[in-house]
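Work through the exercises below with the sequence and the structure at hand. Each task is followed by its solution.

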Amino acid sequence: MTQATEVLLPTSAAEAVALFGDGSGVTIVAGGTIVLPEITHGRIAPTRALMLSGAGLDTLDAEGSTVTIGAALPVARLAELAQDVEALAQCALGVADYEIRRQGTVGGNVCAGAGRDAPRGDLQGPLLALDASARSIGPDGETTEPVADFLGHRAGRLLLDLSFEKPAASAFAAIEYPHTHEYTVLAVTGVRTAGGEVRLAATSLADHGTRLPSAEAAAGDPDAAGAAAVADVKLGDDALASAWYRERTLPVLVRRVLSKLEEAR
Amino acid sequence: MKAVGARLPRYDGIEHVTGRTTYVDDVRVPGMLWVKALRSPVHSAAMSGLDTTKAEAMPGVHAVVTHADVPLLEYGHLSALGIPADEPLLAKDEVRYKGQPIALVAAEDEETALAAVDAITVDFEERTPLLDVRRAFDDDAPTVHQWGNWYTHFEGEMDRRQIRKGSIDDAFEQADVIVQGVYRPAAIEHVPLETQVALVVPEANGRLTIYSCTQALYFSMGVVAAHLQVPLNKLKVVGGTVGGGFGGKVDTATETMCALLAQKSGRPVKWRWTREEEFLCSSTRAPWHMEIADAVTKDGWILGRKMLTLHDSGAYARFSPYGLTKHSFHHTGAYTIPNLSFDGFVVFTNRVPTTAMRGFGVTSVSFATETHMSRIADVLGLDPYEVRLKNANRVGDTSPNRIVYTDPSTVSVVKALAGGMDVELATEYAAMTRDPREGDLLPAHLVGQLGNPEDH
Amino acid sequence: MKLTVNGTPREIEGAPLTTLLHVLREELGVTSPKAGCEQGGCGACTVLVDGEPQRACLTPVGAIDGSEVTTVEGLGAPESLSALQQAFTHHYAAQCGFCTSGMLMAAEAYIARGGTDDREAIQEALAGHVCRCTGYVKIIDAVAAAARGDAFDLTVTAAGTAMTNLGGVS
């Protein structure tokens, strides 16, 4: 099955970009936690596989006020940002289990398409709330854009890195499905910027994660913000929970996050 | 007695921790072929035009089998227990559940086997499936099975397991309250870590060596021999360590299917199910639908129980009649109820056939009974431990099928539970034992209903 | 491609996208890692790659060219069981044994990185591993015992295993 695939093993970011080209016919293999099962079970048969394990895209720069995360950084390493962005570290440590976190990448998590049975992309929430910039390669060459825009057309692009300004405070609240590893039923991230702006985002929705603009507009009143949040999202039924359940628990998570942000003043 | 109370090593303990335990998938035989199955994509359909010629012609494909290759297509696994054969090894004119195997391919590698399966063509004329046991009795319900929508071959050609004891009408008349409940435990997957797997090696002397994950080696041997119509001495079954079974590896058919492929190809053939196949296509513990109406007195005596059970057998009978039988004998749980009216049906639906799983047939009714006891206590405003202790099986009480209890443990278990929950029982309840009923524990409705343990 | 497997250098024929699980089991005959789900959900395939536990079913060999792979076979043989293997045997941490290889490798790595007998920490480390037989308690007992450095009286000879600690089931 894998004999017919051309495997590309770039040893630098530049080489990865060059080999990616405009992305047509390329399957990206980063950590492999999502792609390998698809290949094993015959659901995809890559013709050109771009393996990023040696391409040096696993950098983490958090020295100054800007944090830059290489797309191939293992999810587990986001724990190193616990002091600077507690919500991102907390979210990361809730993904799957110890082994998957060390193998799966930030880019894989952010770029993942909707799962067949359960939502993916937990990290999208904190990155949206941080209003991170996503630098990626696509048919149009290199683009840097807000992650919210990137998510809308992430398929077929090679994510290079994500950058954001360190926030004044952040908070994360999630409902986890108790299981061997954890699955996130619903999660909300809140960020307060140095300038005092409050941003909110949710994941485990019907599609990818989104900001919660109506809730943000009412951020001063957690109850109102929680109630308003429902209008900002499209919820779905899946193996973990129903849209009905998520509609009732979203306001609770919004309230919790806003109250944690308040405590962090 | 040096073994009792001693710490003895597991005989396979060292193998497990050194990675030396050999499961079926660890056996390596030169020339092994991989197997993949064509399975029904729909719940219920008439099937026609099955054409495997393209698959057979593909390079790397060594054998394809369908119903036409099976010497005895339908074999009753429990025909010795009076359950007639009803299930084809491979689908013939119709498919009755999503995932039902239709054809099997043995090829050089997994990828080729998958491609060959895709190359098999077949036509389906979909039918409305029956997926809810409650609808099985409707006049306009789709018909699932050649016997109708429920099993009709209990002894005396009865279409249900029926228990009648005492007078349920008297009990209902004398009751202060009728407490009702409906209990619907869902299907449960066994989820063994090791998925279904079999390896069959054709030997030069015409025998077949079968490596199987079956929990029931001799049983499976008989099944293979029956379908293939060969004497038992043509088969050598190598059992071994089962990577978890829990009842789900008793009605295995993978050995038979691999045996057919091994015979046809002349090569060793291995079939290991994917985790998806294991979840979607392997048999489960059955879902049950149980309705209970208990005639109870204000002070917590259960005079009678009227019960209806629908056991979801899925598309075929397999062991369901046996499971329902056990269920019926235990339908009063750990408690004594003298007047009974029980009717239980093995219902066919267009779902994966259900099978044994730990406590087959009985866990369902234990769950229902215990929940119902608490409901009775709740409705009557009584203590749930006291209601249980009062009605608990005692020496001399009888089961639904008139077995006289000689050594029931209900009283001591309920008292231990109370102890474990730091609940202090009232003196008279704390003093209760399993001794034969007398005095307050032998109310009028139980007089004459008990048996003499000495007679058994 | 080259891998060192349990201390022995091996040449790998498989294509770069072949999973490490497939290479170990089918190409190299190392069968202790198991194909429980082949989608990273059960942990039965976990091995150590350069000392770190990861799912062999999710690892393309092309990504680990030149690495050291350790499996259960590399932990210890019957006559020379490691402390962890002894702990699993003593505490009856295996029933059918299918999850055991993965549990052992995850536990080995946990202890190697300083894991203690804290039960919550052990659960967190083994969170990706499913067991359908034991109910997990004895597995955690075994890992805690090994982390603590408990000693065991196991003797394995050609005649079988003797547990000299007779005198009451615990």
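Rings of Phe, Tyr and Trp (its six-membered ring) pair if their centres lie within 6.5 Å; planes under 30 degrees apart count as stacked, over 60 as edge-to-face and the rest as tilted. The model is predicted, so local features need pLDDT of at least 70 and side-chain atom pairs count only at pLDDT 80 or more, while totals for chains, interfaces and linings use all residues. Residues are numbered from 1 along each chain as its sequence is written, chains are lettered from A in the order in which they are written, and side-chain values use heavy atoms, without hydrogens and water.

**Exercise 1.** Classify the ring pair B:Trp147 and B:Phe348.

Solution. The structure holds 12 aromatic pairs over all chains. In this one the centres are 6.2 Å apart and the planes stand at 55 degrees, so the pair is tilted. B:Trp147 and B:Phe348 are both buried (under 20% relative accessible area; exposed is over 50%, partly exposed in between; 1.4 Å probe, protein chains only).

**Exercise 2.** Which rings form a cluster with B:Trp147 and B:Phe348?

Solution. Ring pairs join them to B:Tyr151 and B:Phe154. B:Tyr151 and B:Phe154 are buried.

**Exercise 3.** Find the salt-bridge partner of A:Glu99.

Solution. A salt bridge needs a side-chain nitrogen of Lys or Arg within 4 Å of a carboxyl oxygen of Asp or Glu. The count over all chains is 50. For A:Glu99 the partner is C:Arg55, with the closest N and O atoms 2.7 Å apart. Both A:Glu99 and C:Arg55 are buried.
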